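I opened the model to look up two things.

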Amino acid sequence: MSKSASAKSRAGNASSSMAASDRGDSPRFVIIGAGMAGILSAIKLKEAGLTNFTVYEKADRLGGTWRENTYPGVACDVPSHLYSYSFAPNPDWSHVFSPGPEILAYFEKVARDYQVDSFIRYGTEVTRLEFHDGRWLVETSTAERDEADFVIAATGVLHHPSYPDIEGIDTFKGKVFHSARWDHSEPIDAKRLGVIGTGSTAVQIVSSAVSSVSSLTLFQRTAQWVLPVANPEIGEEDRAKYHDDPEAMRAVREELSQIFEHNFANAVVDADSPQAEMLARMCTENLEGNVRDPELREKLRPPYRAACKRLVISPNFYEAIQAPNAHLVTEGIERVEPEGVRTRDGKLHELDILVLATGFRVDRFLRPIEVIGRGGISLDVVWEKRPSAYLAISVPEFPNLFMLNGPNGPVGNFSLIDVAELQFDYIMQLVDLVCSGKAREVSASHEAAERFEDERVEAAKKTVWVTGCRSWYLDDRGVPAAWPWSFGHFRDQMRRPRLEDYELVA
Ligand code: N01
């Protein structure tokens, strides 16, 4: 069937359904997830007077990533004055990079201040979505049923822990857990702590925990480049200034945004840029200037270009790993035994607690929710090979379902809050098409989605992510599952939807 014929027949089918615009009701929204992006959606909908919505949250507390990651040293490596909603600056940030509990408290406060907490249905996991007769039928783990004109998926990116397949892990006598499932029942003080992995998470754990444990063993499969960025406290004087003069705070945000965009975000999408060179130089100087023992230095020297894996930002990792009670193990892991980790050289590293800082399954997105689009098509089938979405927001045949921080979007190189704010404003322009009666169903066209994907894969060839390393950015083909263009280009794309790229069903 041709696209226009299919659109016509759909128009026929749609006439039997009743969209909100026909009924004169306020459109009904379902938001999935009460993390940063879900809270943002709730605030923005409420501000727009669209109060017919529920935020479904599977946990009993909001905060997403910041609720789930409670490991020692958890912090955001995007500066706090940038990692804040543009409309809710926070004069009280304690540090340039504030700790995780403070960030969680910020989101809770914003949700309270904007009175969206009452819209959140806690302990209720969305399990199934089906597009039927022009609306989304929503099922939950608590056997609730809902119906919505629009679904906004704010389910996060780094959400499903990735567990390593290491023999004997269940035989360990001590505690073993993933970094995003920290078991606080067992304090680490004076314990022998083992950490597997050397990503941003492991580096934060090591830097924070080394001073309180009796020994810290870091199992490194691949060394990481580390960019040294100081994390000073924000003094009382500055905080008072931000209270008195919110303009000063906005200026700081803007300045940080410019620095981040021009020195970092744009560097990673152009491997040959002077900024990429500068990052590499800073990382090399950090390693060479701060690791004294030449043998340890070479073990910590990555065999790939800086920023190929997501850059680790830390002012004190090298200091921590050189502490007398810290041990860097680069020998491969053979298996886990009741007493600890046995490496391939036959050595047993005895431990009390073993932390798996082994990252996340980044290809899950909306799943495990079963999502059934037009004509019974399953998202699992559409995404069988790998997830994709036009501009990371919309999937053909899944009308009126929009994603924040969806597949292949700008992750890792910008503040995800800025990303979500721009995406939300864009999505609302699509919602307006329906609310104003210009269309009943809006989803990216197949042509646009395919073109976008082709262009994205082509552009990714220039990025630093493909210069010879393994990382969570790379999909099963080795193509970075991330926005491969500048932030300026993203901002331009988010300004106004190109309606010719959408299938609008009347
Ligand atoms: O995870 P990762 P992460 N045996 O995927 C190793 C964000 N974040 O949680 O490199 C041995 O980066 C794996 O080794 P290798 C940030 O975007 C942000 O640290 O594949 N090792 C790697 O070293 C970040 O990029 C903040 O060889 C195994 C590590 O585990 C993202 O989260 C803070 C292994 C996984 O590193 C993910 O970071 C923290 C195995 N079987 C995180 N399997 C902020 O501050 C995996 N590894 C905002």
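I worked on a predicted model, where local features need pLDDT of at least 70, side-chain atom pairs count only at pLDDT 80 or more, and totals for chains, interfaces and linings use all residues. Residues are numbered from 1 along each chain as its sequence is written, and side-chain values use heavy atoms, with hydrogens and water left out.

Domains. I took the bounds from an automatic or database domain assignment: domain 1 is 5–16 + 23–160 + 361–505, and domain 2 is 169–231 + 254–356. I found 40 residues of domain 1 and 35 residues of domain 2 in the contact (heavy atoms within 4.5 Å). The C-alpha centres of the two domains are 30 Å apart.

Buried area. I read about 3,200 Å² between domain 1 and domain 2, with 56% from carbon and sulfur atoms (accessible area, 1.4 Å probe, that two parts lose on being put together, summed over both). On the domain 1 side, Tyr 71, Asp 77 and Val 464 lose the most area to domain 2, together 20% of what that side buries.

Salt bridges. I noted 4 between domain 1 and domain 2 (side-chain nitrogen of Lys or Arg within 4 Å of a carboxyl oxygen of Asp or Glu). Separately, I looked up Arg 491, which forms a salt bridge with Glu 261, their closest N and O atoms being 2.7 Å apart.

I looked at the second largest pocket, about 440 Å³ (an open set of points on a 1 Å grid over the protein atoms alone where a 1.4 Å probe fits, with protein on both sides within 12 Å along at least five of seven lines; lining residues have an atom within 4 Å of a point). Its 20 lining residues include Val 382, Ser 388, Ala 449, Glu 450 and Glu 453, the closest to its centre.

Note on methods
Grid points are joined across faces, edges and corners, and a volume is the space filled by probe spheres set on the points.
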